Amino acid sequence: MGVVTIRPRYRELARVVKGEFPDADVSGFVGRKASFEIEINGQLVFSKLELGGFPYEDDVMEVIQKAHEGKPLTKITKSQAPCVIM
């Protein structure tokens, strides 16, 4: 059995966010196993624990754009295919 890490997914998403929103404060930490959650200004907008997969980059960027414009944030309700470890 191989070891799967989400760090590359976090790093890639952080790179994309900083590329579009250079002033964004992006941080991450290792949390609960199988979790991948995104909070914006303290509001949970995505949870892999709830949806079973990783977020689509476009959905994340859309929510960040709303935050940038001062609009109300909406929770991301779809995810990519579930991550399966064999």
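This is a predicted model: local features need pLDDT of at least 70, side-chain atom pairs count only at pLDDT 80 or more; totals for chains, interfaces and linings use all residues.
View 1. Residues are numbered from 1 along each chain as its sequence is written, and side-chain values use heavy atoms, with hydrogens and water left out. I38 sits in strand β1; strands here are DSSP runs of E with at least two residues, helices are runs of H or I with at least four, and both are numbered from the N terminus. Who does I38 touch, not counting residues up to four places away in sequence? The list is L13, Q43, L44, V45, F46, P55 and V60, with contact meaning heavy atoms within 4.5 Å. The C-alpha atoms of I38 and Y10 are separated by 9.9 Å, and these two are 28 residues apart along the chain.

**View 2. The largest nonpolar core.** A nonpolar core is a set of buried Ala, Val, Leu, Ile, Met, Phe, Trp, Tyr and Cys residues joined through side-chain atoms within 4.5 Å. The largest one here has 16 residues, and I38, I40 and I64 touch the most other members. Elements giving two or more residues to this core are α1, β1 (37-40), β2 (43-47) and α3. Its largest share, 4 residues, comes from α3.

**View 3. Helix α1 against helix α3.** Two packed helices are described by the angle between their axes and the distance between the axes. For α1 (residues 7-20) and α3 (residues 57-68), the angle is about 40° and the axes are 11 Å apart. The axes are lines fitted to C-alpha atoms, for helices over the stretch in contact, and angles run from 0 to 180 degrees between N-to-C directions. The two helices are therefore oblique to each other: angles under 35 degrees count as roughly parallel, over 145 as roughly antiparallel, 65 to 115 as roughly perpendicular and the rest as oblique. The crossing of α1 and α3 is right-handed, meaning the near helix is turned clockwise from the far one by less than a right angle. On the α1 side, L13, V16, V17 and E20 make the contact; α3 brings E57, V60, M61 and I64. Sort the residues of this contact and you get 6 nonpolar, no polar and 2 charged. In this sorting, Ala, Val, Leu, Ile, Met, Phe, Trp, Tyr, Cys and Pro count as nonpolar, Asp, Glu, Lys and Arg as charged, and the others, Gly among them, as polar.

View 4. Look for Y56 in the loop between α2 (48-51) and α3. At 36% relative accessibility, Y56 counts as partly exposed. Leaving out residues up to four places away in sequence, Y56 touches K78, S79 and Q80. Y56 and S79 are 23 residues apart along the chain, yet their C-alpha atoms are separated by 6.2 Å.

**View 5. N41 in the loop between β1 and β2****.** N41 has a positive phi of about 50°, although it is not a glycine. Is N41 buried or exposed? At 72% relative accessibility, N41 counts as exposed.

**View 6. The whole chain.** The protein chain has 3 helices and 2 strands, in the pattern α-β-β-α-α along the sequence. Of its 86 residues, 28% are buried.

Technical notes:
Buried means under 20% relative accessible area, exposed over 50%, partly exposed in between (1.4 Å probe, protein chains only).
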